[in-house]
Amino acid sequence: MYIEYYNNNIEYNDIDIKNELVILEKCPISAILGFPQHIRYIKKNHKNNDTKLGIFIDYPLSYSSSENRTSMIMEAIDIGANFIVIPIPFYYIINKKYDKFKSDIQTNINLCNANNIEIRYMLEYRKFDSQLLTKVCKILIENTIDIVYPATGFFVDNIDDHIIASRYLTDKTGIKTIINTNIWTINQINQLDKNNIYGISMNNITCLKHIKS
């Protein structure tokens with residue numbers, strides 16, 4: 001199972017990140033995801049070169065223009081990110097501007113492919129119904145993107161609902177989901193194991209240390 005640590009804490013300074021890295025280097029993770037400033041620091045100071053680094057783009061609501069997202073992706077490339085994570089552009093979706101959405105995806109893909117970095121998208125299952133999310137996932141798969149995060153973390157989440165949404169989207173579209181809800185207990189980790197989840201992205205280091213790679 002793919003295991004990732006993410007940090008979307010706007011209160012963290014360089015000392016916090018440094019202290020966190022000491023712990024993360026002992027955890028069974030494949031990647032670290034965070035804001036550009038955090039990842040820039042981690043890139044210079046993380047001792048494990050095998051750990052992939054990801055950057056949030058236009059997070060958490062993706063309301064910037066396509067041109068601005070391009071600039072953000074270029075910054076991530078300059079930092080040396082291995083992958084980027086973009087929330088779906090909600091404005092396009094709620095206005096059924098699917099052609100705009102597809103064009104935006106292609107612009108991002110072309111830029112990422114040219115620079116050998118992976119691109120993933122982030123949904124918000126709490127705000128959109130299953131029919132719309134299924135359509136979005138199908139569009140992503142048609143455009144060679146096969147991994148999504150079910151939520152942005154911007155709204156109150158629940159692990160049971162999160163798992164149900166993830167399994168539904170995988171069963172309906174074949175897309176891979178990386179669970180990114182709040183995880184607080186070992187029982188919740190065991191719950192994820194039982195549901196054959198593709199991956200986990202979590203920000204609780206205490207629980208992270210108990211996950212088996």
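**Contacts and Fold of a Predicted Model**

Visitor: Is Asp-171 buried or exposed?
Guide: In this predicted model, Asp-171 is exposed, with a relative accessible area of 58%. The cut-off for that class is over 50%.

Visitor: Which side chain meets Asp-171 in a salt bridge?
Guide: The partner of Asp-171 is Arg-167, at 3.2 Å from N to O. Both residues belong to helix H7 (residues 159–173); they are four residues apart, which separates them by about one helical turn. Arg-167 is partly exposed, its relative accessible area being 25%.

Visitor: How many salt bridges does a search of the whole structure find?
Guide: The search finds nine salt bridges. One of them joins Arg-40 to Glu-75, with 3.7 Å between the closest N and O atoms. Arg-40 lies in helix H2 (residues 36–45) and Glu-75 in helix H3 (residues 66–79), so this pair ties together parts that are 35 residues apart in sequence.

Visitor: What is the relative accessible area of Arg-40? And of Glu-75?
Guide: Arg-40 has a value of 33% and is partly exposed. Glu-75 is also partly exposed, with 33%.

Visitor: With which residue does Asp-146 form a salt bridge?
Guide: Asp-146 pairs with Lys-176, and the closest N and O atoms are 3.7 Å apart. Because Asp-146 lies in the loop between H6 and strand S6 (147–149) while Lys-176 lies in strand S7 (residues 176–179), the pair ties together parts 30 residues apart in sequence. Asp-146 counts as partly exposed at 36% relative accessibility, and Lys-176 counts as partly exposed at 33%.

Visitor: Which residues are linked in a network of salt bridges?
Guide: Glu-4, Glu-118 and Arg-120 are linked in such a network. Arg-120 also has a ring contact: its charged end sits over the ring of Phe-83, 4.0 Å from the ring centre.

Visitor: Over which ring does the charged end of Lys-135 sit?
Guide: The charged end of Lys-135 sits over the ring of Tyr-98, at 4.6 Å from its centre.

Visitor: Changing topic to the rings: how many aromatic pairs are found in the whole structure?
Guide: Eight aromatic pairs are found. Among them are Phe-90 and Phe-128, whose ring centres are 5.4 Å apart and whose planes lie at 10°, so the pair is stacked. This pair links distant parts of the chain, 38 residues apart: Phe-90 is in helix H4, and Phe-128 is in the loop between strand S5 (118–122) and helix H6 (130–142).

Visitor: Are Phe-90 and Phe-128 buried or exposed?
Guide: Phe-90 and Phe-128 are both buried. Tyr-91, also found in helix H4 (residues 90–94), is partly exposed, with a relative accessible area of 41%. Together with Tyr-63 and Ile-94, Tyr-91 makes a nonpolar surface patch of about 330 Å².

Visitor: Which residues form one aromatic cluster?
Guide: Phe-35, Phe-56 and Tyr-59 form one aromatic cluster. Tyr-59 is of interest for its backbone too: the peptide bond from Tyr-59 to Pro-60 is cis, with omega near 10°. Pro-60 lies in the loop between strand S3 (52–56) and H3.

Visitor: Other backbone matters: what is phi of Lys-96? And of Asn-116?
Guide: Most residues other than glycine have a negative phi. Lys-96 has a positive phi near 55°; Lys-96 is in the loop between H4 and helix H5 (98–114) and is exposed, with a relative accessible area of 60%. Asn-116 has a positive phi of about 60° although it is not a glycine. The place of Asn-116 is the loop between H5 and S5, where Asn-116 counts as exposed at 70% relative accessibility.

Visitor: What separates the C-alpha atoms of Ser-30 and Ile-3?
Guide: A distance of 5.7 Å separates them, although Ser-30 and Ile-3 are 27 residues apart along the chain. Ser-30 is placed in the loop between helix H1 (14–24) and strand S2 (31–34), and Ser-30 is partly exposed, at a relative accessible area of 35%.

Visitor: Finally, the whole fold: how many helices and strands does the protein have?
Guide: The protein has nine helices and eight strands. Its radius of gyration is 16 Å, close to the 17 Å that the globule rule gives for 213 residues, so the protein is as compact as a globular protein of that length. Along the principal axes, the C-alpha atoms fill a box of roughly 45 × 40 × 30 Å. Of the 213 residues, 51% are buried.

Terms used
Residues numbered from 1 in each chain as written. Predicted model: local features only at pLDDT ≥ 70, side-chain atom pairs only at ≥ 80, totals over all residues. Heavy atoms only, no water. Patch = residues over 30% accessible without salt bridge, like charges linked within 9 Å, V, L, I, M, F, W, Y side chains within 5 Å. Areas by Shrake-Rupley, 256 points an atom, 1.4 Å probe, with all protein chains shown as cover. Salt bridge = Lys/Arg side-chain N within 4 Å of Asp/Glu carboxyl O. Helix = DSSP H or I, 4+ residues; strand = E, 2+ residues; numbered from the N terminus. Buried < 20%, exposed > 50% of the residue type's maximum accessible area, 1.4 Å probe, protein only. Phe/Tyr/Trp six-rings, centres within 6.5 Å; stacked < 30°, edge-to-face > 60°. Lys NZ or Arg CZ within 6 Å of the ring centre and 35° of its normal. Rg over C-alpha atoms; globule rule 2.2 N^0.38 Å.
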